[in-house]
Amino acid sequence: MITGSTDGKIMVRRCLVTFKPFRIFVVGIGFFSLCFLMTSLGGQFSAKRLGDSPFTIRTEVLGGVESRGVLRKISDMLEVILKRMDSLSKLDNTSTTDARRLDELSSAINRFQPAGLVERIQAIAQNVSNMAIRVEQILQNSMVQGKVRDGTSSQCEVPRDPRFPECPGKVDWMRARWTSDPCYAFYGVDGSDCSFLIYLSEVEWFCPPLTWRNHSSPPTQHAQQPKTPKRQAAFRTDLSVLLDQVGTGKESLSFMKRRIHRLAKQWATAANRLDTKLEQRWRDQKKILVHVGFLTEESGDVFSPKVLKGGPLGEMVQWADILTALHVLGHNLKISMSVKELQGFLGVPPGRGSCPLTGPLPFDLIYTDYHGLQQMKQHMGLSLKKHKCHIRVIDTFGTEPAYNHEEYATLHGYRTNWGYWNLNARQYMTMFPHTPDNSFMGFVSEELNETEKRNIQQNKVNNMAVVYGKEASMWKLQGKEGFLQILHRYMEVHGTVYYETQRPPEVPAFVKNHGLLPQHELQQLLRKAKLFIGFGFPYEGPAPLEAIANGCIFLQPKFQPPHSSLNHEFFRGKPTSREVSSQHPYAEQYIGRPHVMTVDYNNSLEFDSAIREIMRTKVEPYLPYEYTCEGMLERVHAYIQNQDFCNPEPPFIPANLSRQGSAGGSRITGPLFVTLPNSTTLGWASNVTAPPAWPPLSSLRLLVSQEGQSCVEACQSAGFICEPAHFRFINNKEALRGLEVQCEVVDSEINHILPAFSVVRRECGLQRDPLLFSCAGHSPKYRRLCPCRDFRRGQVALCRDCL
């Protein structure tokens, strides 16, 4: 009966060998029949993604190659349990209570009868976790009792060392709570003071090393990751390996794979172009983990069920493009879509996340989202603080420094459910370049060749409009009847609203509703339409860029007053004070007319005039370079090779700088910042050696904001971008002198508007906490010192010398 599966033979052999020395023969018989049953099934079941418990496997009847792996996993888990029981069987004087618990466990196992093979496998899978936990508890309690009887718990004296003041308190905590997480037992904690001190000195760092222990290796938290030889990254144009890595089983993953496959040729072309542009220079290959937290079962994954029902796709679009960019750039990529996979990739010890990692972090970079960050905190324990410099958080709407700084946010009213992680603000990566304090990750839109562009212009229907809104709820906008009637007077109105059985009542009768369209059919519709019109929601999605790239004009409402966390429910609780002036501020500010028109929908005359102007206007398909495949590859390449948040930036001390070409490196005596030619801004003095920085200091443009104006606005109005990496170079008296600011007092404080000064009081303030350097901060009483920079045409994330 078992000849059909080699893995099954191995499993039965394991069970036979394991049970031979067992005195608890009833349990052995129960487990033997369990092993026999699994081998009989062969490959009839496979695993879903794993849940929270390190021992949990949920199964379904699928079949295929995965089933052998699942059999091996269950076999390994059973062997763990058997080893625990073997330890139990060797304990002398086992208490009556322990024996009773073992009998209960034996009875529970033997209740599995060979009636309904699939049901039996499912029952086994559901109960392995409980069995493991119960055996672990029995073993731990018995070992504690044995230690107490032997008197070994008092062999180690808790040290009173002023260098380790927390040690006694941690030992007390361990005495009371060491069984609260199986990870402590995993590290050898057995309930004795000796085991507590070994753990607290060698795994954590709260107690001094024990003199009688071998200290050849440092504590886990202080262990330095051995430097591995650098490997060169080579561009990849074959995406088949990536498509296999993304996985299956969810409609969200299927959507992402379809997108990756559809854009494969464009990614390949972009890779060849960028390789030529970079002149095939050396690029370090990085080990990268991508953990898509919002798609895990543990986070609730509300997105996957809505993919085919008009739900939001923007996040999945971005994640698909991030995965593709990292793969095409040639990095060593691992993808996690469950907490169990995350634990496995990180080497998290089994348990509930109270213990640190067992070794160095196996990745150079980890890309995740806020859900994933929370999951990492839960399962990495103390290790997250050490390794958080490797993390990049994909954050659609941005996180400002005042919300990111935990203590400051709590004290000054900036605390939300999403901020307070104390990261460098540039570790947050946004969908659009709206928050210069963060890094701009972006996504890509499909790029048309010249032939496609000509065909679009020839086939445009001048009086055809498509509404941006595929969910019926988006059509519930109050007052929409007025402007839709005006639109209908001039144009044929089309919709792509999802419905199951009957037309959504929110959609007016004159609208030709196509239902939810596959991506390629939506593209064809946009290539015919003249106008793509937004109702004000969703905010900042990818669809307007796709419409503009297909030759549409995008019409959107102007928000008066602008929407923000102070006045709009959607933004309430988000870690930003950013004011959104329209449905799509990027389209308004960076693209603009004639491709984008932003008007007051409540003003019927203005709306009517805009429709007539659109019908007269001819536009070509347009896509900003930063949203092409090449643009995204260029940007992500620059970040990976140049951003480093793990090596602390040395304090910038102007007095230590020297003149270029001076004998012996003489100290500077002239100004550090000088007025640039044909400009009112200051730049780095050309005769002063610039310290190493990225972006380089050649891109710095120093200016002063108006009262109440942020550095985001001040730099933008001068044609530049605020660069938070340059704050540390202008947070000094030399910058104040260069700007001819009159200061009677210069203080150093913790405040997100600093460095800044008050003209009335002649007070100047410098920033004491680098985490609070903020482009976004503003105050009606202060003018701010703003570190702006230049940028490459079509690539706002990079300065001219950044490549």
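Modeller: The axes of helix 10 (residues 251-262) and helix 12 come within 9 Å and cross at roughly 55°. That angle makes helix 10 oblique to helix 12, because angles under 35 degrees count as roughly parallel, over 145 as roughly antiparallel, 65 to 115 as roughly perpendicular and the rest as oblique. Axes are lines fitted to C-alpha atoms, for helices over the stretch in contact, and angles run from 0 to 180 degrees between N-to-C directions. Helices (H or I, at least four residues) and strands (E, at least two) are DSSP runs, numbered from the N terminus.

This is a predicted model, in which local features need pLDDT of at least 70, side-chain atom pairs count only at pLDDT 80 or more, and totals for chains, interfaces and linings use all residues. Residues are numbered from 1 along each chain as its sequence is written, and side-chain values use heavy atoms, with hydrogens and water left out.

In the contact (heavy atoms within 4.5 Å), Ser 252, Phe 255, Met 256, Arg 259 and Ile 260 of helix 10 meet residues of helix 12 that include Met 316, Trp 319, Asp 321 and Leu 323.

Helix 12 (residues 314-328) also packs on a sheet, touching strand 3, strand 4, strand 5 (365-368), strand 6 (391-394) and strand 7 (428-430). The direction of helix 12 makes about 170° with that of strand 3. The sheet is open, has 6 strands in the order 4-3-5-6-7-8, and its pairing is parallel; two strands pair if DSSP finds at least two bridges between them. Strand 3 (residues 287-291) and strand 4 pair over 5 bridges, with Lys 287 opposite Asn 332 in strand 4.
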